[in-house]
Amino acid sequence: SMSMSMSAMCVIGCDGYLGQFIAREGEGTYARVYAMGRRRARERDHDDGEGDYYAQDDDPTTTTMVRVGGVDVTSHTSCVEAMTRAYDDAMRRGVRIAMVVNCAAVSSPGACERAPDVALAVNAPREAWRATREVARMRGCDVPFWVQLSTDHVYDGTRAMSDEGVKRAPVNAYGQTKVACEDALAEDYDDGAYVILRSSIITGPRPPLRDVDRTLFLEFVASALTERDEPTSFYYDEFRCPIAAADISRVVVRDFGTKFAVPRVKPPRRVYNMGGPDRVNRVDMAKACAKYLAKGDDALERAYAAKIRPASCVEASSTRGVAAPPDISMDSSALVCDICQTWAPMLFAEQVKDALK
């Protein structure tokens with residue numbers, strides 16, 4: 001494949017949890033990583049006084065990772081401006097923008113139910129696809145390979161280990177916006193190569209560059225088991241295939257980045273499931289955390305496990321106001337078979353250790 005030393009990648013949603021892992025992974029692989037976060041006004045509110053971890057685009061240093069400003073993926077103008085800044089810098093340096101990874105999303109199912117129009121505009125970012133094609137073409141460049149994150153919520157949850165052949169039938173607004181995204185990308189990005197990766201619940205340690213403004217699931221579990229006196233409800237009938245952020249970033253940057261960020265090379269399929277190797281429910285997840293936190297002390301493990309109250313996701317659907325698909329575990333063997341034969345994503349027990357160490 002073409003030398004990555006002369007290639008660049010863009011990461012949209014670089015301030016989000018997964019986006020940070022992907023940008024950091026890209027730093028070691030690409031000549032340039034163009035990081036696009038939210039609009040700047042929003043960022044100033046979040047300023048933690050530590051300055052920005054991404055260099056600004058006028059930074060004279062030779063740093064790999066560079067912020068090309070905030071981007072509103074629902075605005076054509078904003079997308080054109082951000083992509084123009086990235087392409088101008090790339091052309092000045094003689095590097096080719098080979099790949100765009102889009103991690104920007106409204107991924108909270110509750111937020112999607114409350115504001116479905118906003119969620120649709122962000123989760124099926126047609127303005128971003130159009131702007132990318134326009135800016136690339138205007139400069140006589142190949143349209144970059146587009147990596148789009150989707151979700152296991154596109155499945156209805158009535159069967160275990162769905163593969164890509166299973167019909168999409170989302171039961172909530174979040175899943176519906178991602179189905180719309182998958183369909184629109186096929187329509188809008190017809191001249192470029194793209195891939196859609198349906199991710200399960202994403203685990204990992206604190207993000208590498210800056211904190212995100214939400215509690216990570218495994219941290220929530222750990223605090224529920226160690227700090228709360230009352231038991232916490234965990235669903236015994238909601239199954240997922242959790243996957244580590246580090247494993248996703250490896251597959252996106254190293255496998256897709258090196259194989260398909262080459263003009264006119266397209267992956268065998270357009271959509272891949274991207275789950276981890278274990279099908280687990282929330283009780284299983286909590287028990288794995290109890291086991292890790294007890295560090296071999298059986299009495300302590302029992303004490304932690306006593307804080308786990310098994311509950312049904314059916315009752316949760318009514319309290320949360322969001323329909324929860326019960327079993328959206330996925331068969332992700334096509335991804336391994338087609339793209340990354342040597343990929344061995346972390347088992348769930350390893351993910352717990354990695355997140356809580």
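In helix α10, the buried residues are Arg282, Val283, Met285, Ala286, Ala288, Cys289, Ala290, Tyr292, Leu293 and Ala294. The model is a predicted one.

**Helix α10**
- α10 runs over residues 282-294 and spans 18 Å from its first C-alpha to its last, close to the 18 Å expected.
- Ten of the 13 residues of α10 are buried, and the helix is mostly covered.
- At the start of α10, a side-chain oxygen of asparagine 281 comes within 3.0 Å of the backbone nitrogen of valine 283.

**Nonpolar cores**
- The largest nonpolar core holds 41 residues, and Val252 and Phe256 have the most contacts inside it.
- Helix α9 (residues 245-260) gives the largest share of this core, seven residues.
- Beyond its neighbours within four places in sequence, valine 252 is in contact with Ile22, Met99, Val101, Val147, Leu197 and Gly257.
- Another core lies apart and has 39 residues, among them Ile12, Met36, Ala119 and Val122.

**Aromatic rings**
- The count of aromatic pairs is nine.
- The ring centres of phenylalanine 256 and tyrosine 272 are 6.3 Å apart and their planes are at 55 degrees, so this pair is tilted.
- Phenylalanine 256 is in helix α9 and tyrosine 272 in strand β12 (residues 271-274), so the pair ties together parts 16 residues apart in sequence.
- Phenylalanine 256 and tyrosine 272 are both buried.
- One aromatic cluster is formed by Phe145, Phe256, Phe260 and Tyr272.

**Charges over rings**
- Arginine 270 has its charged end over the ring of tyrosine 194, 4.2 Å from the ring centre.
- The charged end of arginine 282 sits over the ring of phenylalanine 217, 4.8 Å from its centre.

Technical notes. Residues are numbered from 1 along each chain as its sequence is written. This is a predicted model: local features need pLDDT of at least 70, side-chain atom pairs count only at pLDDT 80 or more; totals for chains, interfaces and linings use all residues. Side-chain values use heavy atoms; hydrogens and water are left out. Helices (H or I, at least four residues) and strands (E, at least two) are DSSP runs, numbered from the N terminus. The expected span of a helix is 1.5 Å times one less than its number of residues. Buried means under 20% relative accessible area, exposed over 50%, partly exposed in between (1.4 Å probe, protein chains only). A polar contact is a pair of N or O atoms within 3.5 Å; within protein, one must be able to donate a hydrogen and the other to accept it, and residues adjacent in sequence count only if both atoms are side-chain atoms. A nonpolar core is a set of buried Ala, Val, Leu, Ile, Met, Phe, Trp, Tyr and Cys residues joined through side-chain atoms within 4.5 Å. Contact means heavy atoms within 4.5 Å. Rings of Phe, Tyr and Trp (its six-membered ring) pair if their centres lie within 6.5 Å; planes under 30 degrees apart count as stacked, over 60 as edge-to-face and the rest as tilted. A charge sits over a ring if NZ of Lys or CZ of Arg is within 6 Å of the ring centre and within 35 degrees of the ring normal.
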